[in-house]
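Subject: Structure handover

Hello,

Here is the structure I promised to pass on. Please open it first, then read my notes on pockets and cores below.

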Amino acid sequence: MKTNNVWTLIELPRGAKAVSCKWVYKTKLDPNGNIERYKARLVAKGYTQREGIDYQETFSPVSRKYSLRIVMALVAHFDLELHQMDVKTAFLNGDLHEDVFMKQPEGFEPKGKEHMVCKLNKSICGLKQASRQWYIKFDEVMKKHNFIKNQVDQCIYLKMSGSKFVILVLYVNDILLASNNLGMLYDSKRLLSANFDMKDLGEASYVIGIEIHRNRSIGTLGLSQKAYIERILKRFNMQQCSPSIAPVVKGDSFGSFQCPKSEAEIDQMRLIPYASVVGSLMYAQVCTRPDIAYITGMLGRYQSNPGLDHWKAAKMVLRYLQGTKEYKLTYRRSDDLEVIGYTDSDFVKCKDDKKSTSGYIFMLSGGPISWKSHKQQLTTTSTMMAEYVVCYNATW
C-alpha cells in the first residue's frame, strides 16, 4: 500500500465521516485443495459509504462464462498458446475521484498520529466503487496499447499485428492470454507487468475454480470442476455418499404443492441449508455442467419456501455429481469451425402456472459453449437467436 501510495494521513475535515476498516484472513488453496498460502487483506467497511458523497457509480463488468468457453474452443481448434497471469492487489491500482476518508488500520497507527485518518488516493477492497475503478484503469491501459475491446463482452480484448494476434480475457484480477505467436504473447506479458504488479503463472491450468486439462498432441482441451465439486460435497457432508446415475428421474414433477404446509414443516426446513446447496450447484452448472441445468433451475424456483421433496432432489444432484466429478467439457480440432445450436421445450409441464420449461445449448469445436434452461410461456426462438448472435460475434 505504501508502494502504491494508497492513502495520505490527514486531519479529518469538519463535517466529514471516516469509514472503518478491518483485516480479513484467508487460506488460499491450490486445485487439489492443498494450502498454497495465507493471505491478509485490509478491507474497508464500504457498507457505511453514502451514495452521492463517497461514491457515484458501482457497476463493473466481468467476462462472461460463455466468452471464456468460446476462447477455450478457439484455443483447442487453432492450437493456440494459452497462458495465465494474476494481478497482485488489483484494486489498489484504481484511482479515486471522490474524497473518501478511512480510519487507520489496526496495528499500523504511526506514533503521535493516532488521531489522524487516511485520505484514500486509490481504491481498496471493500469500497463500493473499488471494482469499477480497477476496471476503468485496466481498460485505459489496454486501449493505450492498441488492444480492441470486444463489443459483446467488455472484458475480452484483441490485438492484431499482421497474421499474429493475442486474445486477453479479464476476470477481475485473473487474466488469460491466448495467442498464435509466442513472441506476441510474451510482449503482452511484459506490457502488463510494466503497468501493474503481476504474477506470471505460465501455461494456464486453473482459473476461477475451473481446471484446464490440455493435450496438444491430440488437439483436445477439457474444462472440469472436480476440485470444486469435492469441496461442496465435503461442505455438505456428502463426500461419502453413494453416486446416482442421473440428476433427476424421468417423470419427477416439482411444484408449490411440495412446499411446507405447517409451522412444524417450516421449522424443519429452516435447519436445512437448501439455498446454500442450490447456490453451490448453480456455480457448477454455469461454468462446466450443462447436464444439471434443468434440475438446478427447477430447484432454484423454490428457494424462498423449499419443501422436503425439493431437498431430496437437491441431494440427488449432489449424489449425481459424486459419480461424475471427473466429467469435462471437451473441445477439439475439427474440420469446420461452426456454431451448432439445439433447443427443446417440455410443453406446459409446470404444475403451478402451466408454463413450459425451455432449454437450448450451443456447440463449438465439439463442446458446449452456451446453454440455458428456463421457464416461459412463449417460444424461445427470439431468445435463442439472440444468444446465437452473441456467441457468433464473440468469436470475431
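Which strand gives the most to the lining of the largest pocket? S4 does, with six residues.

First, the ground rules. This is a predicted model: local features need pLDDT of at least 70, side-chain atom pairs count only at pLDDT 80 or more, and totals for chains, interfaces and linings use all residues. Residues are numbered from 1 along each chain as its sequence is written, and side-chain values use heavy atoms, with hydrogens and water left out.

**Pockets**

A pocket here is an open set of points on a 1 Å grid over the protein atoms alone, where a 1.4 Å probe fits, with protein on both sides within 12 Å along at least five of seven lines; lining residues have an atom within 4 Å of a point. Volume is the space filled by probe spheres set on the points, which are joined across faces, edges and corners. Strands (E, at least two residues) and helices (H or I, at least four) are DSSP runs, numbered from the N terminus.

The largest pocket has a volume of about 1,500 Å³. Of its 41 lining residues, Lys28, Arg37, Lys39, Asp86 and Asn173 are the closest to its centre. Elements that supply at least two lining residues each include S3 (21-29), S4 (35-44) and helix H4 (226-235). Domain 1 (2-208) and domain 2 (226-333) each give at least three residues to this lining; the domain bounds come from an automatic or database assignment.

The second largest pocket has a volume of about 670 Å³. It has 30 lining residues, and Tyr294, Met298, Asp346, Lys349 and Thr357 lie nearest its centre. S18 supplies the largest share of that lining, five residues. Here domain 2 (226-333) and domain 3 (336-395) each contribute at least three residues.

**Cores**

A nonpolar core is a set of buried Ala, Val, Leu, Ile, Met, Phe, Trp, Tyr and Cys residues joined through side-chain atoms within 4.5 Å. Buried means under 20% relative accessible area (1.4 Å probe, protein chains only).

The largest nonpolar core has 37 residues. Met102, Phe138, Met142, Leu168, Ile175 and Leu192 have the most contacts inside it. Helix H2 (130-144) is one of the elements supplying at least two of its residues. H2 gives this core its largest share, six residues. Another core, of 35 residues, lies apart from it, with Ile156, Ile167, Val207 and Leu329 among its members.

Best regards

Notes:
Buried < 20%, exposed > 50% of the residue type's maximum accessible area, 1.4 Å probe, protein only.
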